[in-house]
Amino acid sequence: MALKVYNTLSREKEEFVPREPGRVGIYVCGITPYDYAHVGNARPAVFWDVVRRYLRWRGYQVKLVTNFTDIDDKIIRRAAETGKEPLALAAEFSRIYLEDLASLGVEPADVYPRVSEHIPEIVALIEKLLARGHAYRVDGDVYFSIASFPAYGRLSGRSEEEMLAGARVEVDPRKRHPMDFALWKAAKPGEPAWDSPWGPGRPGWHIECSAMALKHLGPGFDMHGGSEDLIFPHHENEIAQAEAATGERFVRYWVHTAFVTVDGNRMGKSMGNLRAIREVTSLFPPKVVRFWLLGTHYRQQINFGQEGLESAAKGLERLEICRTALRDLLAHPPVPGPLSDRVAFLAEAAGDCRRHFTAAMDDDFNTALALAALYDLVREVNRVVQDRGYRLTEGDERVLREVLATLDELGGVLGLWFDDVKEEEKAEIEALIRQRQEARAAKDWATADRIRDELRARGILLEDTPQGVRWRRV
């Protein structure tokens, strides 16, 4: 089955054919780092982390580029409020954001371009647009002329009236058309500024991503992602700038994640319903937050709430308990003998799991159905591992090792099995477990129970097994 991807530009699922066989280039719009990132910011980051993992699993070489908009009105305002330099403020919140993503098991992008580091490329792109008649100067500002690009509006599918209503249109009588947008903004007192052929100033919001994507991936790269609110005007403007300057197709597939909502309303600062990533991961294990995000198809909105996260915790626990039970069963030496009837069916179940998992991910990266495929295998495994007195034959062992490898491998594609406990916390937990073991050896049951209850209150469940004490977060 071929991989199919929903392309916002065509509004249909298309077979994925990369620009270069075996190689995939992806650009994902990152954050404007002026405050702590929220769970809505985490969703596209986790989704694209899974896309990259899956494409690698399918044999592709993947280059993922995610930018930081470290020059922006929001950053300038926040810096003025806090008394910090704008670039220093942006650098601080960029670092915090990457820490938050790492806590969710998101692997670093291959490149993290920053606007402040790409001023020459931005200026060069603006110069091309001016030379080709797609931009015009007004005093120290430079604007893109949407009338010069007839295809403007094709990504969003909006009429001019709808675009006017939906855009953050800056009222400026100097503009030739109300929707013309700034490529370069003349310097204002107290704002960061760089030299340019049009005088000191800074880039407009949209030009940055066109310039950085073209530098790091070139025209016609494979996938461009971001949240659905970026379709218009940001991504619409990116297309206009890039294609007007190069005369070539900018992006092959446009892929957008739906919003995280709270009580049906989009999570956002203006709504006053933000939930910072680090706030949520202090209440639920980061693996649970990641699992919750993957439990809904990326093009469907997902509602943030206690009930959904608690359900995700139970779902992830089912998978982890099954893996632990398999490892426990396989820790015992098998007895001689062929494959038994009670295990034989699991060989087929593991194969079915791989096929259904792949089919789900090939159908526009349907992580919800991919998780369902893992659940189906776990249900079949539980019919075997729940019998603690069962002794494996040598034939059984080979099959169960393949089953465990399947769960490990496919769960790894979704990024489920990372260690989300910090080293200092882990050392503290291990020390308490040793104290509990010493108390039990001394028959000090009150102390042993107190330590167990203390850990349980912190979300740490202890399991006494023949192989020793195991612990896991719940």
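The axes of α11 and α12 approach within 8 Å and cross at roughly 175°. Because angles over 145 degrees count as roughly antiparallel, α11 is roughly antiparallel to α12. On the α11 side, the contact is made by R342, V343, F345, L346, A349, A350, C353, H356, F357, A360 and M361. From α12, the contributing residues are T367, L369, A370, A373, L374, L377, E380, V381, R383 and V384. Sorted by class, this contact comprises 16 nonpolar, two polar and three charged residues. These results, like those that follow, refer to a predicted model.

Helix α11 itself covers residues 341-362. At 1.5 Å a residue, its 22 residues should span 32 Å, and the C-alpha atoms at its ends are 33 Å apart, which agrees with that expectation. The buried residues of α11 are V343, L346, A349, A350, G351, C353, F357, T358, A360, M361 and D362. An α-helix has 3.6 residues a turn, so residues three or four places apart point the same way. The buried residues of α11 pack against β1 (4-7), α1 (39-57), α12 (367-385) and α13 (394-413). Just after α11, D364 adopts a positive phi of about 60°.

Aromatic residues were examined next. F357, which is buried in α11, belongs to one aromatic cluster together with F47, W48, Y54, W57, Y298 and F365.

Across the whole structure, a search finds 18 aromatic pairs. In the pair formed by F250 and W254, the ring centres are 6.1 Å apart and the planes lie at 55°, so the pair is tilted. F250 is buried, with a relative accessible area of 1%, and W254 is likewise buried, with a relative accessible area of 1%. For W292 and F304, the ring centres are 5.8 Å apart and the planes lie at 80°, so this pair is edge-to-face. W292 lies in helix α9 (residues 286-294), whereas F304 lies in the loop between β13 (302-303) and α10 (306-330), so the pair ties together parts that are 12 residues apart in sequence. Both W292 and F304 are buried.

Methods: Residues numbered from 1 in each chain as written. Predicted model: local features only at pLDDT ≥ 70, side-chain atom pairs only at ≥ 80, totals over all residues. Heavy atoms only, no water. Helix = DSSP H or I, 4+ residues; strand = E, 2+ residues; numbered from the N terminus. Expected span 1.5 Å × (residues − 1). Buried < 20%, exposed > 50% of the residue type's maximum accessible area, 1.4 Å probe, protein only. Contact = heavy atoms within 4.5 Å. Axes fitted to C-alpha atoms, helices over the stretch in contact; angles between N-to-C directions. Parallel < 35°, antiparallel > 145°, perpendicular 65-115°, else oblique. Nonpolar A, V, L, I, M, F, W, Y, C, P; charged D, E, K, R; others polar. Phe/Tyr/Trp six-rings, centres within 6.5 Å; stacked < 30°, edge-to-face > 60°.
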